[in-house]
Amino acid sequence: MDLQIKKEENKPLLNRKDVSARISFESAAPSRNDIRKELAGKLKAKEELVIVTKILPENGSPMAEIEARVYADEKTLKEVEHKFT
């Protein structure tokens, strides 16, 4: 799995960073948790503060567009975010 960050946008009022990325994979599409771990590693953030909101696979291609949010702290995450499973 190869993940490339395309765009990072700070949202200081929400105490988070919105991230757009592109991921390529070899066989099956990676799970939301696998993508979350990879993003946390790239962004040097705690895994539990990363929320993957969208995974948009490209038809006929082993690639997907990813949208995620990275929060600065757990308190803000719980106040702002819906529960993702």
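The following questions and answers walk through a predicted model.

Visitor: What should I know about the model before starting?
Guide: This is a predicted model, where local features need pLDDT of at least 70, side-chain atom pairs count only at pLDDT 80 or more, and totals for chains, interfaces and linings use all residues. Residues are numbered from 1 along each chain as its sequence is written, and side-chain values use heavy atoms, with hydrogens and water left out.

Visitor: In what order do the four strands of the open sheet stand?
Guide: Helices (H or I, at least four residues) and strands (E, at least two) are DSSP runs, numbered from the N terminus. Two strands pair if DSSP finds at least two bridges between them. Here the pairing is antiparallel, and the order is 1-2-4-3.

Visitor: What is the average twist from one strand to the next?
Guide: Axes are lines fitted to C-alpha atoms, for helices over the stretch in contact, and angles run from 0 to 180 degrees between N-to-C directions. From one strand to the next, the twist averages 20°.

Visitor: How many bridges join strand 1 to strand 2?
Guide: Strand 1 and strand 2 run antiparallel. D2 stands opposite S24 in strand 2. The bridges between strand 1 and strand 2 number nine.

Visitor: Which residue takes a positive phi in the hairpin of strand 1 and strand 2?
Guide: Most residues other than glycine have a negative phi. This hairpin has four residues between its strands. In the loop between strand 1 and strand 2, a residue other than glycine has a phi near 60°. That residue is N15.

Visitor: Is N15 buried, exposed or partly exposed, and at what relative accessibility?
Guide: Buried means under 20% relative accessible area, exposed over 50%, partly exposed in between (1.4 Å probe, protein chains only). N15 counts as partly exposed, at 30%.

Visitor: What is the phi of K44?
Guide: K44 is found in the loop between helix 1 and strand 3. At 78% relative accessibility, K44 counts as exposed. K44 is not a glycine, yet its phi is positive, at about 55°.

Visitor: Which residue has a positive phi in the turn between strand 3 and strand 4?
Guide: Strand 3 and strand 4 pair in the antiparallel sense over seven bridges. I55 stands opposite I66 in strand 4. Five residues lie between the two strands of this hairpin, and the one in the turn with a positive phi of about 70° is G60.

Visitor: At what angle does helix 1 run to strand 3?
Guide: Helix 1 covers residues 32–43. Helix 1 lies across strand 1, strand 2, strand 3 and strand 4. To strand 3, the angle is about 120°.

Visitor: Which residues is T76 in contact with, leaving aside its neighbours within four places in sequence?
Guide: T76 is found in helix 2 (residues 74–80). T76 is buried, with a relative accessible area of 12%. Contact means heavy atoms within 4.5 Å. With those neighbours left aside, T76 touches L14, N15 and Y71.

Visitor: How far apart in space are R69 and D18?
Guide: R69 has its place in strand 4, and its bridge partner is I51. R69 is partly exposed, with a relative accessible area of 25%. D18 is among the residues in contact with R69. The two are 51 residues apart in sequence, but C-alpha to C-alpha they are 4.6 Å apart.

Visitor: What is the volume of the second largest pocket?
Guide: On a 1 Å grid over the protein atoms alone, a pocket is an open set of points where a 1.4 Å probe fits, with protein on both sides within 12 Å along at least five of seven lines; lining residues have an atom within 4 Å of a point. Grid points are joined across faces, edges and corners, and a volume is the space filled by probe spheres set on the points. For the second largest pocket, the volume is about 160 Å³.

Visitor: How many charged residues are in the lining of the second largest pocket?
Guide: Asp, Glu, Lys and Arg count as charged. Among the lining residues are K7, E9, D18 and R69. The lining also has two nonpolar and two polar residues, while the charged ones number six.
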